[in-house]
Amino acid sequence: MFEYLVKRVATLLPTLLFVSVLIFGLQQLLPGDPAKILAGEDQDPQVVAYLRARLHLDEPLPIRYARWVGGVLQGDLGESVRSQQPVTGLILQKLPVTVELALLAMAIALAIGIPSGIVSAVGRGTAWDWAANAFALWGISTPNFWLGILMILLFSVQLGWLPASGYVSPFEDLGANLAAMIMPAFVLGNAIAAVLMRHTRSAMLQVMSADYVRTARAKGLGERTVVLKHALRNALTPIITLGALELGTLLSGAVLTEQVFTIPGFGKLVVDAVFNRDYAVVQGVVLVTASAYMLLNLLADLAYFAVNPRLRR
Amino acid sequence: MTHPMTRCRWIPALLLAALPVLTPAQTLRVGLAEDPDVLDPSLSRSFVGRVVFSALCDKLFDVDEKLAIQPQLASAYEWSADSKTLTLKLRPGVTFHDGEKFDAAAVKFNIERHKTLPGSNRRGELAPVATVDVVDPLTVRLNLSAPFSPLLAQLADRAGMMVSPKAAQAAGDKFGTKPVCSGPFRFVERVAQDRMVFERYPQYWNKDAIHFDKIVYTPIPDATVRLANLKSGQLDFIERVASSDIEKLQSDKKLKTSRITEIGYQGITINLAKSDKAKQNPLGRDARVREAFELSLDRQGIAQVVMDNEATVGNQWVAPGNAWYAKNVPVPKRDVARAKALLKEAGVPNPSFTLVTPTTSDAQRLALVVQAMTREAGFDVKIQAAEFATSLNMADKGDFEALVLAWSGRADPDGNLYSFDACKQPLNYAGYCDAETDALLNQSRALRDPAERRKLFEQVAARVLKERPIVYLYHRNWLWAYNAKLGGVRNVPDGLLRVTGLKLAP
């Protein structure tokens, strides 16, 4: 296991380097000149020239890349050209929001997806199965922004129970924070729950027909022990993989949901930055997200060892 | 042990003590359509930034509901006979948010900062101001290199915003992250894409007209969500309501709406000579084809489909109701037969070209309506949607035949005209260049008498509107919605919410 871990960590660094080249290179393919966009409505040529020099847009690409990577290695991700704020500061401002939203959404997804997947597999063909499948179909096919707007109209405008949008720090007011986060977290979690349910169901169905489950039953173990202790544990491996991937996606920001609920997270930050050609912000956010993604996948691999003792040999 | 009743006796007394603290703390919560850019008047470049500045930074002048120049930090002004010096009398007793005094030296500092700060977007606006003299602490003289009548209007916008010299010198080009001005509210914090919080400045010169302790601006790009926030009581005021929502809102007794014709316009820019592409462009090649294009459009129909009639149709850089509208060139009526005849005369009965549009839903609808209307006259319009940065790039390179383009507008017509129609100006994407028009535009800058300027603008209209570098379509309504208890909302055509005088009834 240790050897495996070392191997995995060793591949992280070159991957990150490759990602950094990719992020930097892909951005240059976007049409449009950041200096022109920044020059605003008036398009004063002197302002454009000044901005181009300030943003080092007149330098060759390799030098600009080296400049950026050099900064990153010293912990400096550059400065947002639009708001003049340091990118590191922006990321630190948005990261807790995105992490909280991702974790809440994941918790909701797990709480709904896995139990309904198990129930649906165990009670295959019953009304429970049908209900769980119908829920999954609904969850997968409902667009986030639409569900979000409907929820706002119902819970905020009609009933007045929850704030329509906005974000309050949990350290300021935990109650207000949860009230603001519950709708977006549900919208995001709902879609993932559906996917998790489908995967849990199929993994469970496969495991439930395995020989060792029959053996367990033959030993006279209770159904509850067979399902939860013997079958589920084995079925969890693909679900962990999926969960880690979904969590990674959530951490890269949920653009539409953040937009609808005006949650100041990564998604909004990076989309606005792309439209404004705010290169430093895009590069910084994508780099952080890519790192988080890789880390989560590493953790998922380690989790396999925890749930599946056979891998430890 | 204390008896519960003993504790209860204290409660009314505590409540009474807390009462004066609890009642007056009023916050105005405003929903914006976008997140403003940097909050430095010299560097600022977005419309939405100007909305926020009206609470933060006072200007030398302001404009009123009729776009007339009104005093703000300057209490009076006087032009010299040759129109080459503008002397300003300043309001006494004004301080910046850091306690520094506002005086003639501060004005000199600010004008010079606008002109010299690297990357300043005000440099062009103040280009004719050569030097600034401090006459006495409350009198300042602006010496111009040439007469420039739009100057007062410039000083009623960002170029007239005054920041604290001390704070500006200390912060350098980072000033915008913590602006220090002299407006009714001072900067507290800004969380990018989330909120901007300002608090009342107790020493404000016009403090009696300020009835809020705090203002929170929240950018909410989606119009539906912005409205939902207003309806649920989380916001008191929202700007840029979707025109499709206005009708329903008018029956809502808890909310009020207001509309006012913008000083900007929506139009289609045609590549006449910006690049080689103009030569392949049937519209760019022949003025008769452009005339046919305009005649095939039903502006009222466009306004109805695109804006739910929340717009004033027009054919010029200012709306027909504006004092600067050139009455000698009225809005032409749709005439498909004449359009067809013109195309035949030009030898291109079925001209084909691509119309580039932004990706906003309004612009997309506009393009579709134009496509359908002009088809009746024989045009074959292809639509190409391009997001803002891409379309800007295309406009700048002249890589387009026709382009849907909006302009937010300036109080003086010069701001809607010069940069677009004078030769080689940065916003002249059409590539229009006419020596006579240039001469007329420059003369209009030198004259101060509105009647004389109007005559020149009529001549400009006669020339420019015949060549059609831009086919002007309509002027949108600024649509606002707000809590019915909010009083004192002033409909100034620049679309900026003035916080002075705003009051929330109990």
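The structure, a predicted model, holds four cavities of 30 Å³ or more. Local features need pLDDT of at least 70 and side-chain atom pairs count only at pLDDT 80 or more, while totals for chains, interfaces and linings use all residues. Residues are numbered from 1 along each chain as its sequence is written, chains are lettered from A and ligands numbered from 1 in the order in which they are written, and side-chain values use heavy atoms, with hydrogens and water left out.

Visitor: What makes a space a cavity?
Guide: On a 1 Å grid over the protein atoms alone, a cavity is a set of points where a 1.4 Å probe fits but cannot get out. The largest cavity has about 180 Å³ of space, a volume being the space filled by probe spheres set on the points, which are joined across faces, edges and corners.

Visitor: Which residues line the largest cavity?
Guide: Lining residues have an atom within 4 Å of a point. There are 17 of them, and A:Leu51, A:Arg54, A:Val81, A:Gln84 and B:Arg45 lie nearest the centre. Helix H3 (residues 45–54) of chain A gives the most, four residues; a helix is a DSSP run of H or I, at least four residues, numbered from the N terminus.

Visitor: How does the lining of the second largest cavity divide by class?
Guide: Into seven nonpolar, one polar and no charged. Ala, Val, Leu, Ile, Met, Phe, Trp, Tyr, Cys and Pro count as nonpolar, Asp, Glu, Lys and Arg as charged, and the others, Gly among them, as polar. B:Thr269 and B:Phe420 are among the lining residues, and the space is about 50 Å³.

Visitor: Why is A:Arg277 called buried?
Guide: Buried means under 20% relative accessible area, exposed over 50%, partly exposed in between (1.4 Å probe, protein chains only). A:Arg277 has 2% relative accessibility, so A:Arg277 counts as buried. This residue is in the loop between helix H12 (266–275) and helix H13 (279–307) of chain A.

Visitor: Why is B:Asn309 called partly exposed?
Guide: Because its relative accessible area is 38%, which falls between the two cut-offs.

Conventions:
Helix = DSSP H or I, 4+ residues; strand = E, 2+ residues; numbered from the N terminus. 1 Å grid on protein atoms, 1.4 Å probe; cavity = no way out; pocket = protein on both sides within 12 Å on 5 of 7 lines; lining within 4 Å.
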